[in-house]
Each structure stands twice: as C-alpha cells, then as structure tokens.
Amino acid sequence: MHLTEEDLDVVMAGLAATFNVDGILVTMPHKFAAFAHCATSSERARMLRVVSVIRRNPDRTWHGDMLDGLAFVTAQMDHGAHAEGARALLVGAGAAGRAIAIALLEAGVRELIVYDAVASRVVTLLDLIADLGDGPGESRIARPDRL
C-alpha cells in the first residue's frame with residue numbers, strides 16, 4: 001500500500017480490524033511510526049524503536065521486529081563476505097542503517113565508520129551503539145572529505 005505518514009494510524013486501525021491480515025512488511029517512511037502500533041516487539045526493535053515486519057499475536061495485537069540488519073549481514077555472508085575483524089563504512093544512519101550497524105558489530109566488524117548527510121542521525125546511532133556496552137568493535141563518524 002502506498003500511503004502518507006498522516007494516514008498510517010487509520011490504515012493500521014483498519015488492518016487490525018481485518019481478520020485475514022496476519023502480517024505486514026513495513027517500508028520507509030513508516031518504520032519508526034509503525035513501531036508505536038506494536039503491543040509487543042523483539043529486543044532489537046525496542047532498542048531501535050523501529051520495525052520492518054509486523055505479525056499478529058494470538059490476542060490479535062501486533063508484534064514487531066526489525067530484520068533489515070540481520071538480512072543485510074546474512075546476504076553478505078551468503079555471498080562470501082567476512083565480517084569478523086573487518087573494517088566497514090556505513091552510509092546512512094536511518095532505520096535500516098541503524099539495524100545494519102548493530103548487525104555488523106554483532107557479526108564481528110572491528111571498525112565501523114558511519115556517514116549520513118544528516119549529522120544528528122550519526123550522533124544518535126553512535127549513542128545507541130555506545131549504550132550496547134563493550135562490543136567487539138569500535139564506531140566513529142566518517143568525515144565527508146575522507147570517504
């Protein structure tokens with residue numbers, strides 16, 4: 001469905017009342033707002049406060065998860081990439097970028113360099129990563145003139 005951000009609440013209410021809709025794939029710009037419609041969510045979705053996939057709970061409420069990072073890293077590994085000890089440049093620190101950053105660090109990336117045209121997104125992501133505690137890798141802001 002193609003809808004505006006303003007219409008998301010109405011559409012989600014309609015889908016909640018529909019008995020033959022048991023799951024939803026969420027794309028931008030709705031990943032952040034859709035999180036609010038989930039009664040339950042994975043730890044990853046709660047940490048990021050975004051969802052890319054929503055499914056029904058037994059009580060007909062929604063459960064959300066953010067699979068973009070896991071899917072990205074899995075696809076890379078399936079095609080021969082090795083994250084362990086690697087250095088990675090992440091361009092984009094929005095919803096998917098945040099999920100990819102965490103998945104890369106969890107997969108063993110040693111150094112993650114982050115760039116986004118909106119500097120505040122990078123700061124938010126680095127703060128989020130710092131909150132994870134001692135991880136296997138370090139993260140820093142990329143300077144646009146050094147990409």
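1. Basis of the note. The model is predicted, so that local features need pLDDT of at least 70 and side-chain atom pairs count only at pLDDT 80 or more, while totals for chains, interfaces and linings use all residues. Residues are numbered from 1 along each chain as its sequence is written, and side-chain values use heavy atoms, with hydrogens and water left out.

2. Helix H1. Helices (H or I, at least four residues) and strands (E, at least two) are DSSP runs, numbered from the N terminus. Helix H1 spans residues 8–16, and in it Leu8, Met12 and Leu15 are buried, where buried means under 20% relative accessible area, exposed over 50%, and partly exposed in between (1.4 Å probe, protein chains only). These residues lie on the same side of H1, because they cover an arc of only 60° around the axis, the arc being that of the directions from the helix axis to the C-beta atoms. An α-helix has 3.6 residues a turn, so residues three or four places apart point the same way. On the other side of H1, Asp9 and Val10 are exposed.

3. His63. This residue lies in strand E4, residues 62–65, and it is buried, with a relative accessible area of 16%. The side chains of His63 and Thr40 are joined by a polar contact of 2.7 Å (a pair of N or O atoms within 3.5 Å; within protein, one must be able to donate a hydrogen and the other to accept it, and residues adjacent in sequence count only if both atoms are side-chain atoms).

4. Asp65 and Arg44. A salt bridge is a side-chain nitrogen of Lys or Arg within 4 Å of a carboxyl oxygen of Asp or Glu, and by this rule the count comes to five. One of them joins Asp65 to Arg44, with the closest N and O atoms 3.1 Å apart; the pair links distant parts of the chain, Asp65 in strand E4 and Arg44 in helix H3 (residues 43–48), 21 residues apart. Asp65 counts as buried at 15% relative accessibility, whereas Arg44 is partly exposed at 28%.

5. Arg87 and Glu111. The side chains of these two residues meet in a salt bridge of 3.0 Å, N to O. Arg87 lies in strand E5 (residues 87–91) and Glu111 in strand E6 (residues 111–115), so the pair ties together parts that are 24 residues apart in sequence. Arg87 counts as exposed at 54% relative accessibility, while Glu111 counts as buried at 11%. Arg87, Arg110 and Glu111 are linked in a network of salt bridges.
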